[in-house]
Amino acid sequence: MMNWLRKTALTGTALLALAAGPAYAAGELHLYNWGDYINPEIIDKFAKEFDVKVSLDTYSTNEEMLAKIQAGATGYDLVWPSVHMADIMLQLGLIEESKINQSKGFENIDPTALRSKQDPKADFCLPYAWGPVGIFYNKTVSGQDFKSWKDLFDYAAKNPGRVTLLDDLRETLGIGLIMNGKSVNSRDPADIKLAEEFILKQKPNIAAFRYDVIPLIEGGDMAASHYYVGGVLYVNKRPKELGFVIPEEGATMYQENVCMLKTAPNKDNAKLFMEFLLRPEIAAQNSTMLTNGVVNKAALDLLPPELKNNAAINPPPEVRAKLQIFEDLGADLKLYDRAWSRIKAN
């Protein structure tokens, strides 16, 4: 998922406003989500409609969120783990069964979004949003459109220091695996070694491994970056200058689910908010800000054309078939950790 460093606290009318009509709920709701991964307008609507005071804290990585919860952080009601992290948290007994799959509106959830191996029927968590990872680039600086990972690395070889890769072991080693025709969930040490060698070969031409690339691409300091589909938000504002593409060889994809914590102090309001997210108009409003893929089928027709018809946000079947989502690797993750440590050290 996107790595953002800003911590947000919602205050004012979004937190304190009372519903104009009778209150259907009351009290508080505490959200713990990725930065900028929810439209604040829908939080405002929920707060006003149900007379609930809502707070939002943010995290930058799945691992940061898990570490905080495992360290004993209490008070949070809902979290937004990626699918593989939700599976880990389910095995650790950190997530409450919500029975969200029995709620009105769940029939609109795309069955292909039920990706959790530990929660295949969504008894616990609600599919939220998904998106591909690809190449976000500045056309003016690069002087070209990118179509593939090969294009990216060929450009980097000719223009060292003008390309960045994500500072993420799974995402970046994932490129190496894809370029060698392997699964991004491979547990074979030989496959991971091939991926490591591929990234090491590219490293001399790479400016940095980093997440915060939006200002660099917009400002022209970098020509192209390995980045999430959220970059489309900026492309739509400056389509003549900026671009985003899912590489022809294939790419990784992410999906986050909304999960209620076992320790949630406001379980009724947490369930109510999950049901609120099931409303097609709310899902569409949220996706319009996020520029992510929609898991709510009824929300698709409510999207503005520039999103509904965008090949990166709603790619055709043949492109989707080349997208791979990360799985929980358990103890085998250490193979990736070691490879990544060697890449960063060299």
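This is a predicted model: local features need pLDDT of at least 70, side-chain atom pairs count only at pLDDT 80 or more; totals for chains, interfaces and linings use all residues.
Visitor: Which element gives the largest share of the lining of the largest pocket, and how do its residues divide by class?

Guide: Helix 4 gives the largest share, with 4 residues, while helix 3, helix 7 and strand 9 are among the elements that each supply at least two. By class, the lining of the largest pocket holds 14 nonpolar, 7 polar and 7 charged residues. As for R170, the charged end of this residue sits over the ring of Y336, 5.3 Å from the ring centre.

Visitor: How should I read aromatic pairs, and how many does the structure hold?

Guide: A pair of aromatic rings is described by the distance of the centres and the angle of the planes. The structure holds 17 aromatic pairs. In one of them, F136 and Y227 have ring centres 6.0 Å apart and planes at 35°, so the pair is tilted. Because F136 lies in strand 4 and Y227 in strand 7, this pair ties together parts that are 91 residues apart in sequence.

Visitor: Are F136 and Y227 buried or exposed?

Guide: Both F136 and Y227 are buried. F153 and F198 form an edge-to-face pair, with 5.4 Å from centre to centre and 80° between the planes, and both F153 and F198 are buried.

Terms used. Residues are numbered from 1 along each chain as its sequence is written. Side-chain values use heavy atoms; hydrogens and water are left out. Ala, Val, Leu, Ile, Met, Phe, Trp, Tyr, Cys and Pro count as nonpolar, Asp, Glu, Lys and Arg as charged, and the others, Gly among them, as polar. Rings of Phe, Tyr and Trp (its six-membered ring) pair if their centres lie within 6.5 Å; planes under 30 degrees apart count as stacked, over 60 as edge-to-face and the rest as tilted. Buried means under 20% relative accessible area, exposed over 50%, partly exposed in between (1.4 Å probe, protein chains only). A charge sits over a ring if NZ of Lys or CZ of Arg is within 6 Å of the ring centre and within 35 degrees of the ring normal.
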